[in-house]
Amino acid sequence: TSSVQDVRGAAWSADDTIVFSPSFTGPLLAVPVSGGASRPASQLPESGEIGTHRFPSFLPDGQRFVYFAAAATGTEPGSLYLGRIGTLDARLLGPAHSSAVFAAPGYLVYARGESLVAHAFDSRREELVGDPLPIGVPIGGSLSVSAGSSCRVTFQLVDGKVTRIGYSASSDLPMSQNSACA
């Protein structure tokens, strides 16, 4: 097993694999829930341009995960990448200032600049689509986002602009085509 210091996020997959960032710098690691040796789940580029992979979050299929990558010089802008259990291959999704989570029916929610945004994600093509939609929540500093059934942030689109925002603690609210949860 490897040393774990200053953990920077972890996610538990449907097949009982935990992907985690064991320290401030370095790649993601994976370990079976039942225990055992950890193995690489991501790979830093040889160029040294990126020094950290952090805050993984699984997509609904339980095999693919989104993570934040940056230079590892502190709180900095970085990029979102898409990884997959069992391979070190990763796909660049786009710029970000935080981790991201999947929100039904098909968005990634994350910070970009000083805004919380919902960005359409095409799961089949494995890419972000169009421009990110500001949710209307001003933010500053570090941010971690999570998605779940206990909290919903919804927005309505009119001509591509967010016109109404609602927050609910109810998990019984149906998600509409133009909604996101953070």
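First, the ground rules. The model is predicted, so local features need pLDDT of at least 70 and side-chain atom pairs count only at pLDDT 80 or more, while totals for chains, interfaces and linings use all residues. Residues are numbered from 1 along each chain as its sequence is written, and side-chain values use heavy atoms, with hydrogens and water left out.

Let's start with strands. Helices (H or I, at least four residues) and strands (E, at least two) are DSSP runs, numbered from the N terminus. Two strands pair if DSSP finds at least two bridges between them.

Four strands make an open antiparallel sheet, in the order 1-2-3-4. Which strands stand at the edges? Strand 1 and strand 4 (39-40) do; each has a single partner strand, so one side of each has no neighbour in the sheet. Inside, strand 2 and strand 3 (residues 29-32) pair antiparallel over four bridges. Phe20 has Leu29 in strand 3 as its bridge partner.

Now strand 9 and strand 10. They run antiparallel, joined by four bridges. Val101 is bridged to Val109 in strand 10. A hairpin of three residues joins the two strands. Pro105 lies in that loop, between strand 9 (100-103) and strand 10 (107-112). The peptide bond from Ala104 to Pro105 is cis, with omega near 10°.

Strand 9 is covered on both faces. Ala100 and Phe102 on one side, and Val101 and Ala103 on the other, are all buried. Buried means under 20% relative accessible area, exposed means over 50%, and partly exposed is in between (1.4 Å probe, protein chains only).

On to the cores. In soluble globular proteins, nonpolar side chains tend to be buried together. A nonpolar core here is a set of buried Ala, Val, Leu, Ile, Met, Phe, Trp, Tyr and Cys residues joined through side-chain atoms within 4.5 Å. The largest one has 13 residues. Leu59, Val66, Leu80, Leu93, Leu108, Tyr110 and Phe121 touch the most other members. Strand 7 (78-84), strand 8 (87-96), strand 9, strand 10 and strand 11 each supply at least two residues of this core. Another core lies apart from it, with twelve residues, among them Ala30, Phe65, Tyr67 and Ile85.

Take Val66. Leaving aside neighbours within four places in sequence, its contacts (heavy atoms within 4.5 Å) include Phe55, Leu59, Leu80, Leu93 and Leu108.

Next, the rings. The structure holds three aromatic pairs. Rings of Phe, Tyr and Trp (its six-membered ring) pair if their centres lie within 6.5 Å; planes under 30 degrees apart are stacked, over 60 edge-to-face, the rest tilted. Phe58 and Phe65 are edge-to-face, 5.7 Å centre to centre with 65° between the planes. Phe65 and Tyr67 are tilted, at 5.8 Å and 35°. Phe58 and Phe65 are both buried, and so is Tyr67. Ring pairs link Phe58, Phe65, Tyr67 and Tyr81 into a cluster.

Last, two loop residues. Asp16, between strand 1 (10-12) and strand 2 (17-20), has a positive phi near 65°. Glu126, between strand 11 (115-122) and strand 12 (127-138), has a positive phi near 55°. Buried or partly exposed: which is Asp16? Asp16 is partly exposed because its relative accessibility is 42%. Glu126 is buried, with a relative accessible area of 18%.
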